[in-house]
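This briefing sets out the fold, the packing and selected residues of one protein. The sequence and structure are shown first, and the points follow by topic.

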Amino acid sequence: AAMKGHVESRHDIGVVEYQNENYQLAVQHWMISAKMGDQDSLNGIKDTFMKGHATKAEYAEALMGYRDAVEEMKSHQREEAKRLGF
């Protein structure tokens with residue numbers, strides 16, 4: 001599922017890799033899902049960076065990719081639905 005673009009699956013693989021101390025693989029998986037708008041993956045990269053297992057450049061790349069994905073998902077209809085409580 002992760003290879004077909006399922007964001008949560010990609011994030012979960014990152015979690016498993018992190019738990020197995022494969023930090024670079026975890027960051028790679030989280031980078032993909034962060035760039036698809038997954039905040040948990042962005043936070044995973046941030047935490048990994050804070051612990052010294054990811055670079056500042058990797059965190060910056062994830063942050064920009066996440067921001068771009070969130071921006072792309074915005075629409076007037078979504079904002080109106082959110083305002084109305086849907």
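The model is predicted, and the protein has 5 helices and 0 strands. Buried residues make up 31% of its 86 residues.

**Overall architecture**

- Along the sequence, the elements follow the pattern α-α-α-α-α.
- Taken along the principal axes, the box filled by the C-alpha atoms of the protein is roughly 45 × 30 × 20 Å.

**Packing of H3 against H4**

- Helix H3 spans residues 39–50, and helix H4 spans residues 56–73.
- The two helices pack at an angle of about 165 degrees, and their axes are 9 Å apart.
- Because an angle over 145 degrees counts as roughly antiparallel, H3 is roughly antiparallel to H4.
- The crossing of H3 and H4 is left-handed.
- On the H3 side, the contact is made by Gln-39, Leu-42, Ile-45, Lys-46 and Phe-49; H4 contributes Lys-56, Glu-58, Tyr-59, Ala-62, Leu-63 and Tyr-66.
- By residue class, this contact of H3 with H4 consists of 7 nonpolar, 1 polar and 3 charged residues.

**The largest nonpolar core**

- The largest nonpolar core holds 11 residues in all: Ala-26, Val-27, Trp-30, Met-31, Ala-34, Leu-42, Ile-45, Ala-54, Tyr-59, Ala-62 and Tyr-66.
- Helix H2 (23–34), H3 and H4 each supply at least two residues of this core.
- H2 gives the most to the core, with 5 residues.
- In soluble globular proteins, nonpolar side chains tend to be buried together.
- Ala-54, one of the core residues, touches Val-27, Ile-45, Thr-48 and Phe-49, leaving aside residues up to four places away in sequence.

**Thr-48, a buried residue of H3**

- Thr-48 is found in helix H3.
- Its relative accessible area is 0%, so Thr-48 is buried, the cut-off for that class being under 20%.
- Not counting residues up to four places away in sequence, Thr-48 touches Tyr-18, Tyr-23, Val-27, Trp-30, His-53 and Ala-54.
- Val-27, Trp-30 and Ala-54 in that set of neighbours also belong to the largest nonpolar core.

- His-6 lies in the segment before helix H1 (7–19).
- With a relative accessibility of 39%, His-6 counts as partly exposed.
- His-6 and Met-50 are 44 residues apart along the chain, and their C-alpha atoms are separated by 27 Å.
- Glu-21 is found in the loop between H1 and H2.
- The relative accessibility of Glu-21 is 56%, so this residue counts as exposed, a class that requires a value over 50%.
- Phi of Glu-21 is near 65 degrees, which is a positive value in a residue other than glycine.
- Most residues other than glycine have a negative phi.

**Helix H5 and the residue after it**

- Helix H5 comprises residues 76–84 and is hardly covered, as the count of buried residues among its 9 residues is 0.
- Just after H5, Gly-85 takes a positive phi of about 90 degrees.

How values were computed. Residues numbered from 1 in each chain as written. Predicted model: local features only at pLDDT ≥ 70, side-chain atom pairs only at ≥ 80, totals over all residues. Heavy atoms only, no water. Helix = DSSP H or I, 4+ residues; strand = E, 2+ residues; numbered from the N terminus. Buried < 20%, exposed > 50% of the residue type's maximum accessible area, 1.4 Å probe, protein only. Contact = heavy atoms within 4.5 Å. Axes fitted to C-alpha atoms, helices over the stretch in contact; angles between N-to-C directions. Parallel < 35°, antiparallel > 145°, perpendicular 65-115°, else oblique. Left-handed = near helix turned anticlockwise from the far one by under 90°. Nonpolar A, V, L, I, M, F, W, Y, C, P; charged D, E, K, R; others polar. Core = buried A, V, L, I, M, F, W, Y, C linked by side-chain atoms within 4.5 Å.
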